[in-house]
Amino acid sequence: ARLKGSVIAGQYQLVLNGGVGFTYDVQASTNLVDWTSLTNLVTTNMTMPVVSLEAAQMPQQYFRARRQ
């Protein structure tokens with residue numbers, strides 16, 4: 001799976017590209033050591049929108065998707 005991020009109209013959008021029917025735990029970190037779960041999802045399409053966040057709230061943040 002691959003996460004792709006972009007800023008659209010001040011919103012930070014994450015999109016997950018992965019296999020259909022898999023469960024993923026999407027996580028965020030500010031230091032690459034401590035991770036917090038944002039959402040769990042089951043992919044129903046090859047490309048899935050994950051989260052939309054205010055870009056101004058994220059001066060530095062990392063994301064990952066872990067298949068369950």
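## A residue and its sheet

User: Which strand does Gln-27 lie in?

Analyst: First, this is a predicted model: local features need pLDDT of at least 70, side-chain atom pairs count only at pLDDT 80 or more, and totals for chains, interfaces and linings use all residues. Residues are numbered from 1 along each chain as its sequence is written, and side-chain values use heavy atoms, with hydrogens and water left out. Helices (H or I, at least four residues) and strands (E, at least two) are DSSP runs, numbered from the N terminus. On that scheme, Gln-27 lies in β3.

User: Is Gln-27 buried or exposed?

Analyst: Buried means under 20% relative accessible area, exposed over 50%, and partly exposed in between, using a 1.4 Å probe and protein chains only. Gln-27 has 9% relative accessibility, so it counts as buried.

User: Which side chain has a polar contact of 2.5 Å with that of Gln-27?

Analyst: A polar contact is a pair of N or O atoms within 3.5 Å; within protein, one must be able to donate a hydrogen and the other to accept it, and residues adjacent in sequence count only if both atoms are side-chain atoms. The 2.5 Å contact is with the side chain of Arg-64.

User: Leaving aside neighbours within four places in sequence, which residues is Gln-27 in contact with?

Analyst: Contact here means heavy atoms within 4.5 Å. With those sequence neighbours left out, the partners of Gln-27 are Trp-35, Thr-36, Ser-37, Leu-38, Tyr-62, Phe-63, Arg-64 and Arg-66.

User: In what order do the three strands of the open sheet come?

Analyst: Two strands pair if DSSP finds at least two bridges between them. The edge strands, pairing on one side only, are β4 (36-42) and β6 (62-67). The pairing is antiparallel, and the order is β4-β3-β6.

User: How many bridges do β3 and β6 pair over?

Analyst: Between these two strands, Ala-28 stands opposite Phe-63 in β6. The pairing of β3 and β6 runs in the antiparallel sense, and the number of bridges is six.

User: And on the β4 side, which residue is the bridge partner of Asp-25?

Analyst: Strand β3 (residues 23-29) pairs with β4 in the antiparallel sense, over six bridges. The two also form a hairpin with six residues between them, and Leu-32 in the turn has a positive phi of about 65 degrees. In β4, the partner of Asp-25 is Asn-40.

User: How many of the seven residues of β3 are buried?

Analyst: Gln-27, in β3, has already come up as buried. The strand is largely enclosed by the rest of the structure, because the number of buried residues is six.

User: What about Thr-39: what is its relative accessibility?

Analyst: Thr-39 lies in strand β4. Leaving aside neighbours within four places, Thr-39 is in contact with Tyr-24, Asp-25, Val-26, Val-50 and Val-51. Thr-39 counts as partly exposed because its relative accessibility is 24%.

User: How far apart are the C-alpha atoms of Leu-16 and Ala-65?

Analyst: Leu-16 sits in strand β2 (residues 11-17) and counts as buried at 0% relative accessibility. Not counting residues up to four places away, Leu-16 touches several residues, including Tyr-24, Leu-41, Met-48 and Ala-65. Although Leu-16 and Ala-65 are 49 residues apart along the chain, their C-alpha atoms are separated by 7.9 Å.

User: Stepping back, what radius of gyration does the protein chain have?

Analyst: The chain comes to zero helices and six strands, and its C-alpha atoms fill a box of roughly 35 × 30 × 15 Å along the principal axes. The radius is taken over C-alpha atoms, and the globule rule is 2.2 Å times the number of residues to the power 0.38. For 68 residues, a compact globule would come near 11 Å, which agrees with the chain's 12 Å.

User: What share of the 68 residues is buried?

Analyst: Among contacts between residues at least 6 apart in sequence, 58% join residues at least 24 apart. Buried residues make up 24%.
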